[in-house]
Amino acid sequence: MQVELRILSSLAKVFPNNAPPERPESKWLAAFRGETISFQVAYQINNKGPRLWAHMKVNAPDEVQITTRRVRYIPGYIPSHFKTDDGYLSTESGLYPDLLEPVDTQRLPLISGTWQSIWVDITVPETAKPGHYPISVELKTPSGEDLGFAQRFFEILPAQLPPLSIPRTMWFYTDCLAQYYDVEAFSERHWEIIEDFAACAVQHGINALLTPIHTPPLDTEIGNERLTTQLIDVAVSDSGQYIFGFEKLNRWVEMCRRIGVEYYEIAHLFTQWGARHAPKIMGTKNGEYVQLFGWETDAIGPEYTDYLRQMLPALTAKLKDWGIAEKSFFHISDEPSLEHLEVYMEARKIVEPLLKGFKITDALTNYDFFKQGAVSVPIPAVDHIQPFLDGDVPELWCYYCCVQSYKVPNHFFMQPSYRNRILGTLLYKYNIAGFLHWGYNFYNCVHSVYPVDPYRVTDADGSFPSGDSYVVYPGPDGKPLASLRLMVAMEAFNDFRALKLLEELADRDTVLALVDEGLQNPITFSDFPQNEEYLLQLRLRVNARIKELL
């Protein structure tokens, strides 16, 4: 009896009924001190008898930490509501590898006739000794009989990657955590869960956290509301003045410092898709806790304008007192279109004098917003970025979401992982100053009308491509479980950091030459190699050049 094992890179996606190719490029791995890299072990057994168990052991040098997880299949129903291309693994509903679940290596299930995969992380301590090391995986029966063996080689590189030099945010929804775990918003249990999920984000290279000074006005049905998650307490005095309490926000900042958050992304000051209304803001008035502002509030009307003129100076003073003003940035409204330009500019005129010295930025697609001065730090979608690149924008971010389905990077279930990882290289090549994605843990249907179970409903209940709305799963006991896509995205930003390190040691022209080396066409956001080999080989070339220059 023998189990077939195949060593695969982290960019492979293993399906039960398809034998995965074992590529030569996956034989070698290298990591800098402090970096985590991953590979996969795919295995199958053809046995007509009863279900069997195996013991799995990963033999690795003492210098590194090994974590093993089982890749579990999750239902994917919608590849995209929009245009697709030939670069999808499938456009059919089915089961897709995504969830990384803790595994009992002493009781690994062998499922006859199907391929399964184990995800292996190698974390290199900052004090590790450089050198080449073998890493092997062996499977045995509970009685000790050999079932399979596979080996690869691993190099610890003699340097440490620089910190990520740009903000990277994936919107963090505290309300979804309260709803899924059925806890009161900002109760002690909620705070524990929030910190675990936020720490997971930081661990995987997300360095900015959406900060709900009020309930974020994101993906909310007009006239409806999301669960209140508001960090600033508000009271209205008899004279109509506002009194603000910052105790919860201070606790948030202390948590962020504790877990390593670097940037504070303040929740949008006006509603999504046009800045026409105020966000939901709760407060105490005449002894009652009531809604002060919301859908019925004119965004640029006198009542909300008065509120902002009192709240923003109080908030920014606190940000300065806490020493995080330079690491905080603000939003007006998410994804305004050209028809909203006039009201968007009016909203900005209200807050801009109150936010002097602070960065104001928004996700949008139309270059006119920048050309007409409505936004100074634009965040265009990756499929609308070219006019901004041509326009010589001083500080340009970018984002992708459900709509970016054709030719460009993204991380849907149905897409290959190289389409996820290419992002880091593109951000470097085009000197992008920040990256935003809307869904770290969005566990609602579209417009947040009701919550969904992310293990069964992966498309916001028929609204978005499967995998678009979250990259972590809510595990037992309030602990997050990572996805394959979250790990690959971390590798993308580690690629960015490696390219930055090489630039420090050499120059930017040297790095750009390596990026496009051997390609018929230089890579762009809509034209890049449709395979994993390019990325694996690029990283090996970059690593080798860094070693030469150290």
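**Packing, cores and salt bridges in the predicted model**

Leaving aside neighbours within four places in sequence, Q44 is in contact with V3, E4, G113, T114 and W115. Q44 is found in strand 3, which covers residues 36-44. Its relative accessible area is 12%, under the 20% cut-off, so Q44 counts as buried.

With neighbours within four places in sequence set aside, S136 is in contact with K57, V58, N59, F149, A150 and Q151.

Nonpolar packing was considered next. In soluble globular proteins, nonpolar side chains tend to be buried together. The largest nonpolar core in the model holds 156 residues. Among these, L269, F270, Y307, M311, L315 and Y440 touch the most other members. Helix 9, residues 484-505, gives the most to this core, with 12 residues. M311 is in contact with I213, I232, F244 and L269, leaving aside its neighbours within four places in sequence. A second core is separate and has 30 residues. F39, I45, L108 and V124 are included in this second core.

Helix 9 has 22 residues. Its first and last C-alpha atoms are 32 Å apart, close to the 32 Å expected at 1.5 Å a residue. Helix 9 is mostly covered, with 18 of its 22 residues buried.

Helix 8 spans residues 418-429. At 1.5 Å a residue, its 12 residues should span 16 Å. The end C-alpha atoms lie 17 Å apart, which agrees. Helix 8 is mostly covered: 12 of its 12 residues are buried. The buried residues include the charged side chains of R419, R421 and K429. Also buried in helix 8 are, among others, Y418, I422, L423, L426, L427 and Y428. Just after helix 8, N431 takes a positive phi of about 55 degrees.

Side chains of opposite charge can pair when their charged atoms come close. A search of the whole structure finds 28 salt bridges. One of them joins D121 to R69, with the closest N and O atoms 2.4 Å apart. This pair links distant parts of the chain, 52 residues apart. D121 lies in strand 8 (residues 116-123), and R69 lies in strand 5 (residues 65-76). Both D121 and R69 are buried.

K327 and E262 also meet in a salt bridge, at 3.0 Å from N to O. This pair too links distant parts of the chain, 65 residues apart. K327 sits in the loop between helix 4 (302-321) and strand 18 (328-330). E262 sits in the loop between helix 3 (247-259) and strand 15 (263-266). K327 is partly exposed, with a relative accessible area of 30%. E262 is partly exposed as well, at 28%.

R456 forms a salt bridge with D453. Their closest N and O atoms are 3.4 Å apart. R456 has a relative accessible area of 54%, above the 50% cut-off, so R456 is classed as exposed. D453 is partly exposed, with a relative accessible area of 24%.

Salt bridges also form a network, which links E35, R421, E491, D495 and R539. R421 is one of the buried residues of helix 8.

The surface was examined last. W28, F153 and L540 form a nonpolar patch there. Together, these three residues have about 270 Å² of accessible area. L540 lies in helix 11, residues 533-549. The relative accessible area of L540 is 33%, which makes this residue partly exposed.

Note on methods: Residues numbered from 1 in each chain as written. Predicted model: local features only at pLDDT ≥ 70, side-chain atom pairs only at ≥ 80, totals over all residues. Heavy atoms only, no water. Patch = residues over 30% accessible without salt bridge, like charges linked within 9 Å, V, L, I, M, F, W, Y side chains within 5 Å. Areas by Shrake-Rupley, 256 points an atom, 1.4 Å probe, with all protein chains shown as cover. Salt bridge = Lys/Arg side-chain N within 4 Å of Asp/Glu carboxyl O. Helix = DSSP H or I, 4+ residues; strand = E, 2+ residues; numbered from the N terminus. Buried < 20%, exposed > 50% of the residue type's maximum accessible area, 1.4 Å probe, protein only. Contact = heavy atoms within 4.5 Å. Core = buried A, V, L, I, M, F, W, Y, C linked by side-chain atoms within 4.5 Å. Expected span 1.5 Å × (residues − 1).
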